[in-house]
Amino acid sequence: MGRPGTGAEPLRVAIIGAGPTGYYAADHLFRQEGVLVEIDMFDRLPTPYGLVRAGVAPDHQKIKSVTAAFDKVAAHPRFRFYGGVEFGKDVTVDDLRSHYHQIFFSTGAQTDRRMGIPGEDLRGSHPATEFVAWYNGHPDYRDCHFDLSQERVAVVGVGNVAVDVARILCRSAEELARTDIADHALEALSRSRVKEVYLLGRRGPAQAAFTNPEIKELGELADADVTALPDEIELDPLSRAALEKSQDRSSLKKVEILNDYARRASTGKSKRLILRFLVSPVEFRGNSAGEVVGMRLVRNTLYATPTGTLQPKATDRFEELPVGLVFRSVGYKGVPLPGVPFNESWGVILNEKGRVLDPDGKQPIVGEYTAGWIKRGPTGVIGTNKPDAAETVSCMVEDLAEGRTLTPAEPTAAAVEDLVRRRQPKYFSYRDWLRLNEIELQRGRDCSRPRVKLVRVEDMLAALGR
Ligand code: NAP
């Protein structure tokens, strides 16, 4: 037989993970001229879109409109979706090797980074990733519990995820009710007694990871005043020199917005969001019941590394911050996939430009590829994954042209469908998803919300009459 990619032998590609990267890769593959591609996309959840559904904040509906482009890809006649099918459990890498010429991993970063300080696991201290998955209706997090009877909450980290978490905590019930936040979260947050939310940055305002539109939005909350401490916003000499040298407009703007917040007087709204800088938690304090009741913070100064980045250095000045609920938002982390080489310290699949590497010889493993957060780590916005997926697809196309693909024994769509039916009879097709989508949208229309999510797999099956 000749090279795959023809009508007689289509190039069969398995994509593991139905997030943005998976769709971008599928799109790039379908656009290759002169190569006939068949794509099967697998996800362990019944529903597609990865973090667009389970990560993007419910009050950021506009960002979610990117799914229209994903649905166009999914409508391609040679695209199939297998939802509710878990890689490593329902299908293994060996299964895929016998049905596909190329395997593409885009599973994102499914867990959180640890802080490594005492008290991290006290009751009431949660990874932000869990709270995000919970309020977005991820079925695995449906039954999480967060003690929203607490009045004071700290969010550690000042990235965009920390900002999302703080904003959701500060939104009024009326604001949340206009979103597609999961019903259980809407109900719990409507009864929230949270009054003060602290966002804790370990470096200064000029180094904060959040982006300007996100931080500006905090100043426009209906029922929360945002504030910052003037002496923490005042730039230290190193930051000032770095900013003057770079003239980086977005950092200058960021500092200006934060200065504005530091000057703002309280307007008597019922909640307060306090942005703190140059402080690091060194220990979470617990009571005798093992519940978090506060944290010890150390004040930091900044120093320049040899490459010029400004990093935090602890001083000998400490303070106690009493809080009854903590969200650690210090970054996501990838988890290893069974049978796929992994770089533990970076939390990514071992790869070069998206070609998965054999850990011993550091040579590419024929037919295995990766892109997105599991390739490069949890950085960038949704659109960042488009060029990232394109880089990997270029490698796939190059390897195909040079005859470096797997030689599967059963490279047909029917053989895979057969396998999946045997291993996971309850799998969800794209048609199933489109019906679920319509049901969720209709539930939304019934109560003037953008969507009311189904948050349990059983409910999804029941909604489909299965
Ligand atoms: P991130 O942007 O990398 O921010 C992580 C934050 O945690 C940083 O402030 C970091 O401080 C801090 N941190 C790390 N280790 C710490 C420690 N031990 N103690 C205290 N602080 C610590 O990550 P993210 O917020 O999880 O977001 C992930 C990606 O998704 C980002 O690229 C983000 O922009 C994107 N995202 C975008 C949006 C949006 O566009 N609206 C929304 C959500 C997420 P240092 O800077 O000092 O390391």
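## Arg-152 and its partner

At 26% relative accessibility, Arg-152 counts as partly exposed, where buried means under 20% relative accessible area, exposed over 50%, and partly exposed in between (1.4 Å probe, protein chains only). The side chain of Arg-152 meets that of Glu-196 in a salt bridge, 2.7 Å from N to O, a salt bridge being a side-chain nitrogen of Lys or Arg within 4 Å of a carboxyl oxygen of Asp or Glu. The pair links distant parts of the chain, since Glu-196 is in strand 8 (residues 196–200) and Arg-152 in strand 7 (residues 152–156), 44 residues apart. Glu-196 counts as buried, at 19% relative accessibility.

This is a predicted model, in which local features need pLDDT of at least 70 and side-chain atom pairs count only at pLDDT 80 or more, while totals for chains, interfaces and linings use all residues. Residues are numbered from 1 along each chain as its sequence is written, and side-chain values use heavy atoms, with hydrogens and water left out.

## Other salt bridges

A search of the whole structure finds 47 salt bridges. In one of them, the side chains of Asp-183 and Arg-449 meet at 2.8 Å, N to O. Asp-183 lies in helix 9 (residues 183–190) and Arg-449 in the loop between helix 17 (430–445) and helix 18 (457–463), so the pair ties together parts that are 266 residues apart in sequence. Helices (H or I, at least four residues) and strands (E, at least two) are DSSP runs, numbered from the N terminus. Asp-183 is partly exposed, at 41% relative accessibility, whereas Arg-449 is buried, with a relative accessible area of 9%.

## Nonpolar cores

A nonpolar core is a set of buried Ala, Val, Leu, Ile, Met, Phe, Trp, Tyr and Cys residues joined through side-chain atoms within 4.5 Å. The largest has 48 residues, and those with the most contacts inside it include Leu-169 and Phe-327. Helix 7 (residues 160–170) provides the largest share of this core, seven residues. Apart from it lies another core of 40 residues, among them Ala-25 and Tyr-430.

## An exposed residue

Glu-174 is found in helix 8 (residues 173–177) and is exposed, with a relative accessible area of 55%. Between Glu-174 and Val-161 there are 22 Å in space, C-alpha to C-alpha, although the two are 13 residues apart in sequence.
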